[in-house]
Amino acid sequence: MVTKKQKENIEPPLLEVRDLQTYFYTADGIVKAVDGVDLNVYPKKTLGIVGESGCGKSITTKSILRLIDRPGRIINGTMNLYDETHEKSQDIATLNSSELKKVRGGRISMIFQEPMTSFSPIHTIGNQITEAITLHLDHTKKEAIELAEDWLIRVGMNNPKQRLKQFAFELSGGQRQRAMIAMALCTNPDVLIADEPTTALDVTTQAQTLDLLNELQEKNGMSIIMITHDLGVIAELADDVNVMYLGKVVESGSLQEVYKNPIHPYTKSLLSSIPSLATKHRERLPILQGTIPHPVARPSGCNFQPNCKGDNPECLNGEPIIIEESAGHNVLYCGPCYKEHKCAWYPRGV
Amino acid sequence: MTTKSKIKNDNIVEINNLKKYYSLTSGLLKKVSGQIRAVDDVSFNIPRGKTIGLVGESGCGKTTISKCILRAIDPTDGDIFLNNEDGAHNLAKLSESDLRPLRKEMQMIFQDPFSSLNPRMNLFDIVSEPLLLNGVKNRTERQDRVEELLVKVGLRAEYMIRFPHAFSGGQRQRIGIARALALNPALIVCDEPVSGLDVSVQAQVINLLMDLQDELGLSYLFVSHDLSIVRQISDQINVMYFGRQVESGTPDEIFNQSMHPYTKTLISAIPNPDPDFKKERQPILGDTPNPSDIASGCNFLSNCPEPKEECTTSTPLFIEDSPGHSILYCAPCYDDHKCAWYPRNESQ
């Protein structure tokens with residue numbers, strides 16, 4: 001296991017997302033899947049995005065690659081991807097399709113949750129990896145095959161020559177995910193987006209995959225955006241954490257800050273709802289009261305109104321505000337209740 | 001449950017030497033070319049009102065065991081006794097018609113709450129179907145029972161006319177639980193009941209299962225690959241590897257005093273949510289062997305630095321080391337304690 005990197009983020013971010021809004025215009029109404037998200041991805045660091053299903057974590061990263069299909073639309077936001085010297089930047093939101101092709105799979109790669117469905121079943125593993133290489137790097141077919149073989153060795157697969165000729169269904173779940181990682185990294189991307197990469201795997205295979213990602217990050221120096229609902233996986237891999245709820249980031253900061261000193265009630269309840277080593281046998285776990293509102297019926301104003309016992313009418317319209325509690329540790333507060341500190345969802349309690 | 005006092009046996013289910021082999025055939029004539037030992041000589045009891053956890057990686061046979069208990073599949077060999085007020089019934093040997101009256105005592109909660117509910121049936125139909133099939137013809141009677149069940153699992157009675165698509169994953173899992181409870185079963189097999197749910201909803205469903213157990217005296221067989229949840233809810237845990245029990249004991253014995261290297265590996269692979277946690281991960285086993293290659297001998301041969309000739313053929317021993325805590329030993333290595341997979345090797 002690689003030791004945790006707890007350095008300060010002195011370097012400027014590699015990818016800076018500001019006020020990203022992705023809405024889905026469905027027949028039932030507008031779903032604000034991502035509603036004003038800010039992200040900073042630092043070079044050679046791992047950003048963990050954690051939240052429950054429907055909180056917008058996957059849509060956020062799909063928006064970064066502009067992979068949003070209709071009826072979805074990115075309606076606002078900038079996504080600045082900087083170069084190594086941090087002098088020039090491109091805003092992914094405004095790129096044309098040929099520029100976008102270079103970013104997708106070139107500077108930003110993605111690995112998906114289900115390695116079975118994300119490989120083509122009718123092409124060999126080798127075909128699919130070399131396709132990525134020839135598209136993004138100036139390699140001949142022969143060089144591409146050599147590089148693909150080299151990458152399969154780097155991700156710890158035995159017998160790479162034979163693997164290249166195999167189809168995805170001939171590999172086990174863990175091997176498939178390794179092949180997926182090899183395919184994503186063979187173009188030397190600056191950012192790797194991993195969308196629940198270990199959810200479909202057994203714990204032991206999950207541990208191997210996480211160790212592999214950590215190891216490859218040390219060697220290759222790419223940044224990782226790790227999306228998961230598993231708080232344990234985040235604790236193993238991430239340097240910074242963003243906690244999302246209903247399309248908004250409710251708390252963000254370093255792993256230590258967010259896990260050890262959570263301020264927002266939602267973060268606290270999320271952290272307390274998983275059994276830990278300290279939980280006694282058959283002890284009831286604390287749970288978040290209330291239910292998650294339906295996507296089209298999300299409250300305006302404060303996200304937590306359905307869970308709030310207060311009766312401040314301003315909460316219906318007042319926009320939530322983000323307050324920097326300490327350096328790099330941001331918390332979402334209910335706007336109207338912030339000054340008086342009266343709301344039950346005022347993060348510091350009443 | 002008033003009938004309980006009449007029953008002498010404390011175990012609702014006793015499983016003795018359960019085996020389930022699948023034959024592999026090849027060629028036009030379907031010649032048997034090998035066997036997959038999905039479940040190989042597994043024995044354990046499910047005490048009344050307690051929870052037994054089954055953990056292990058995919059393919060280790062945990063779902064096969066639960067299906068054998070419910071006789072969704074027929075075991076190859078072994079006995080499964082269900083003890084009720086009429087005495088012991090061997091589920092493994094009973095005919096389909098003799099089995100039918102016993103089926104209502106065993107129910108199942110499924111992993112995926114999205115595919116286990118019929119989208120064309122409303123909640124009343126879903127929850128009352130087991131009642132209808134078991135002779136409750138009166139509609140008002142069924143309606144009252146469904147109402148009672150929905151309230152019991154934390155849903156509102158007026159949801160009865162709605163269809164599954166109107167509910168979230170956690171609510172659907174509650175519907176599945178209500179359906180399982182409809183016939184007052186004594187045993188509920190929970191096959192990965194929370195693995196498709198979010199963490200906060202997971203906690204709600206686990207809490208509900210524990211509350212219902214306290215209230216109704218249910219026994220659970222809890223199948224999961226999530227070890228931290230199994231530790232939380234179970235009274236006894238069986239760790240499985242390729243059809244065999246590797247270690248069996250209380251949660252404390254499995255998590256804090258585990259002896260078998262495989263159990264240690266499995267536990268050290270769980271991601272810990274504490275960022276300060278310094279982990280000493282046990283080496284992970286190499287590629288899992290092809291199930292058809294597993295011979296009758298030791299399961300861990302491919303990871304053994306110096307396997308002996310006898311190791312490939314002699315059946316491993318599952319020995320009770322201390323009361324209630326059993327461990328799988330490689331038989332030829334048991335006496336001289338030499339094998340790397342001899343579970344006590346490290347502590348000695």
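Let's start with Thr130(A): setting aside residues up to four places away in sequence, Thr130(A) touches Lys141(A), Ala144(A), Ile145(A) and Ala148(A). Here, two residues are in contact if their C-beta atoms, placed from the backbone, lie within 7 Å. This is a predicted model, where local features need pLDDT of at least 70 and side-chain atom pairs count only at pLDDT 80 or more, while totals for chains, interfaces and linings use all residues. As for labels, residues are numbered from 1 along each chain as its sequence is written, with chains lettered from A and ligands numbered from 1 in the order in which they are written.

Thr130(A) sits in helix 4 of chain A. (Helices, H or I with at least four residues, and strands, E with at least two, are DSSP runs numbered from the N terminus.) Is Thr130(A) buried or exposed? Thr130(A) counts as buried, because it has 24 C-beta neighbours inside 10 Å. The cut-offs are 20 or more other C-beta atoms within 10 Å for buried, 12 or fewer for exposed, and anything in between for partly exposed, with C-beta atoms placed from the backbone. Thr130(A) and Leu164(A) are 34 residues apart in sequence, and their C-alpha atoms are 9.5 Å apart in space.

## A glycine in that helix

Gly126(A) is also placed in helix 4 of chain A, which covers residues 125-136. Its contacts, again without residues up to four places away in sequence, are Ile145(A), Ala148(A), Leu164(A) and Lys165(A). Ile145(A) and Ala148(A) turn up in the contacts of both Gly126(A) and Thr130(A).

Gly126(A) counts as buried too, because 22 C-beta neighbours lie inside 10 Å. For a sense of scale across chain A, take Ile274(A): from Gly126(A), the separation is 148 residues in sequence and 40 Å in space, C-alpha to C-alpha.

## Two helices side by side

Next up are helix 7 (residues 173-185) and helix 8 (residues 203-220) of chain A, whose axes come within 10 Å and cross at roughly 20°. Because of that angle, helix 7 of chain A is roughly parallel to helix 8 of chain A. Axes are lines fitted to C-alpha atoms, for helices over the stretch in contact, and angles run from 0 to 180 degrees between N-to-C directions. Angles under 35 degrees count as roughly parallel, over 145 as roughly antiparallel, 65 to 115 as roughly perpendicular and the rest as oblique. The crossing of helix 7 of chain A past helix 8 of chain A is right-handed, meaning that the near helix is turned clockwise from the far one by less than a right angle.

Which residues meet here? On the helix 7 side of chain A they are Gly173(A), Gly174(A), Gln177(A), Arg178(A), Ile181(A) and Leu185(A); on the helix 8 side of chain A, Thr205(A), Gln208(A), Thr209(A), Leu212(A), Leu216(A) and Asn220(A). Sorted by class, this contact has 4 nonpolar, 7 polar and 1 charged residues. (Ala, Val, Leu, Ile, Met, Phe, Trp, Tyr, Cys and Pro count as nonpolar, Asp, Glu, Lys and Arg as charged, and the others, Gly among them, as polar.)

Chain B has 10 helices and 12 strands. Of its 348 residues, 42% count as buried. Among contacts in chain B with a separation of 6 or more, 61% come from residues 24 or more positions apart.

How many residues of chain B are in contact with chain A? There are 31, and they meet 34 residues of chain A. Helix 6 (199-216), helix 7 (227-233) and helix 9 (261-268) of chain B are the elements giving two or more residues to this side of chain B. Helix 6 of chain B gives the most, with 7 residues. By class, the side of chain B that touches chain A has 15 nonpolar, 10 polar and 6 charged residues.

Most residues other than glycine have a negative phi, and most peptide bonds are trans. The peptide bond from Arg70(A) to Pro71(A), though, is cis, with omega near 5°. Pro71(A) lies in the loop between helix 1 (57-64) and strand 4 (72-82) of chain A.

Arg282(A) has a positive phi, near 60°, and belongs to the loop between helix 11 (265-272) and strand 11 (321-326) of chain A. With 15 other C-beta atoms within 10 Å, Arg282(A) is partly exposed. In chain B, Asn184(B) has a positive phi near 50°, in the loop between helix 5 (169-181) and strand 7 (187-191). Asn184(B) is exposed, with 12 other C-beta atoms within 10 Å.

## How confident is the model?

The average pLDDT of chain A is 83, and 89% of the residues score at least 70; pLDDT is the predictor's confidence in each residue, from 0 to 100. In chain A, helix 3 (residues 115-118) has the lowest confidence, with a mean of 77, and strand 3 (residues 46-50) the highest, at 94. Over residues 1-7 of chain A pLDDT stays under 50, and the model has 8 contacts for them beyond four places in sequence. Residues 346-350 of chain A stay under 50 as well, with 12 such contacts.
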